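Subject: Handing over a structure, with notes

Dear colleague,

I am passing on the structure below, together with some notes on what was found in it. Please read the notes with the structure open beside them.

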Amino acid sequence: MDERHESPPADPVQPAIVDDQRKGCVLLVEDDRSVRRYLEVTLQRAGYEVIAASDGLEAMKLAQSSAIDAVVTDAVMPHLSGQQLARFVRRDAKLASVPIVLLTGQENKAAATAPDDLIDAFLYKPVKAEELTSCLASLLQKTRTPNQST
């Protein structure tokens, strides 16, 4: 006569997981493996799909072959810098409106002086999880406004 315990209490958790899965796909570009993994897990926990690249050239190829909604890139990387990657993204008709977040170290303030039309947001390392996710949410909300046509 334990009939009262038939329905599992896990139902309230289900909607939160479903809601978080539709935030978009982020191309994450970071040459430091441990930082890349930290940011990847942070973004996944926030509900983003993440495509990770270890340098700018790899990111360029992934950007062309994947449906991405945003780019989060380190400023200083081998083969192609974050600003060079941003320039490539802005020149590609398919990617031109994709928001770009540039991550830069405190010692690399020169990277934060990119032209206004290249980078949408600058974040200084070490990046806090809440800072990155709220920045992305804000940028993606702006790009999904109904008055924009693709």
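Predicted model: local features only at pLDDT ≥ 70, side-chain atom pairs only at ≥ 80, totals over all residues.

I begin with Asp117, which is found in the loop between β4 (100-104) and β5 (121-124). Asp117 is exposed, since its relative accessible area is 59%, and exposed here stands for a value over 50%. Although Asp117 and Ala86 are 31 residues apart in sequence, their C-alpha atoms are 9.4 Å apart in space.

The mean pLDDT of the chain is 81, with 73% of the residues reaching 70 or more. Confidence is lowest in helix α1 (residues 13-20), where the mean is 38, and highest in β1, where it is 98. Over residues 1-21 the pLDDT is below 50, and this stretch has 4 contacts in the model beyond near neighbours in sequence. The pLDDT also stays under 50 over residues 146-150, for which the model has 3 contacts beyond four places in sequence.

As for the overall layout, the secondary structure of the chain comes to 5 helices and 5 strands, and from the N terminus on these elements run in the order α-β-α-β-α-β-α-β-β-α. Of the 150 residues in the chain, 42% are buried. The chain exposes about 9,200 Å², of which carbon and sulfur atoms supply 51%. Among the contacts with a separation of 6 or more, 60% are between residues 24 or more positions apart.

How many of the residues of strand β1 are buried? In β1 (residues 25-29), 5 of the 5 residues are buried, so the strand is largely enclosed by the rest of the structure. In a regular strand the side chains alternate between the two faces of the sheet. In β1 both faces are covered, with Cys25, Leu27 and Val29 buried on one side and Val26 and Leu28 buried on the other.

With strand β2 (residues 49-53), β1 pairs in the parallel sense over 5 bridges, and in β2 the bridge partner of Val26 is Val50.

At 16% relative accessibility, Ile51 counts as buried, because the cut-off for a buried residue is under 20%. Leaving aside residues up to four places away in sequence, Ile51 touches Cys25, Val26, Leu27 and Leu28, and also Leu62, Ser66 and Ile68. Ile51 and Val71 are 20 residues apart in sequence, while their C-alpha atoms are 9.6 Å apart in space.

Finally, a word on cysteines. Cys25 is buried, with a relative accessible area of 4%, and Cys135 likewise counts as buried, at 15% relative accessibility. A search of the whole structure for disulfides finds 0.

With best regards

Technical notes: Residues numbered from 1 in each chain as written. Heavy atoms only, no water. Buried < 20%, exposed > 50% of the residue type's maximum accessible area, 1.4 Å probe, protein only. Helix = DSSP H or I, 4+ residues; strand = E, 2+ residues; numbered from the N terminus. Pairing = 2+ DSSP bridges. pLDDT = per-residue confidence, 0-100. Contact = heavy atoms within 4.5 Å. Disulfide = S-S within 2.5 Å. Areas by Shrake-Rupley, 256 points an atom, 1.4 Å probe, with all protein chains shown as cover.
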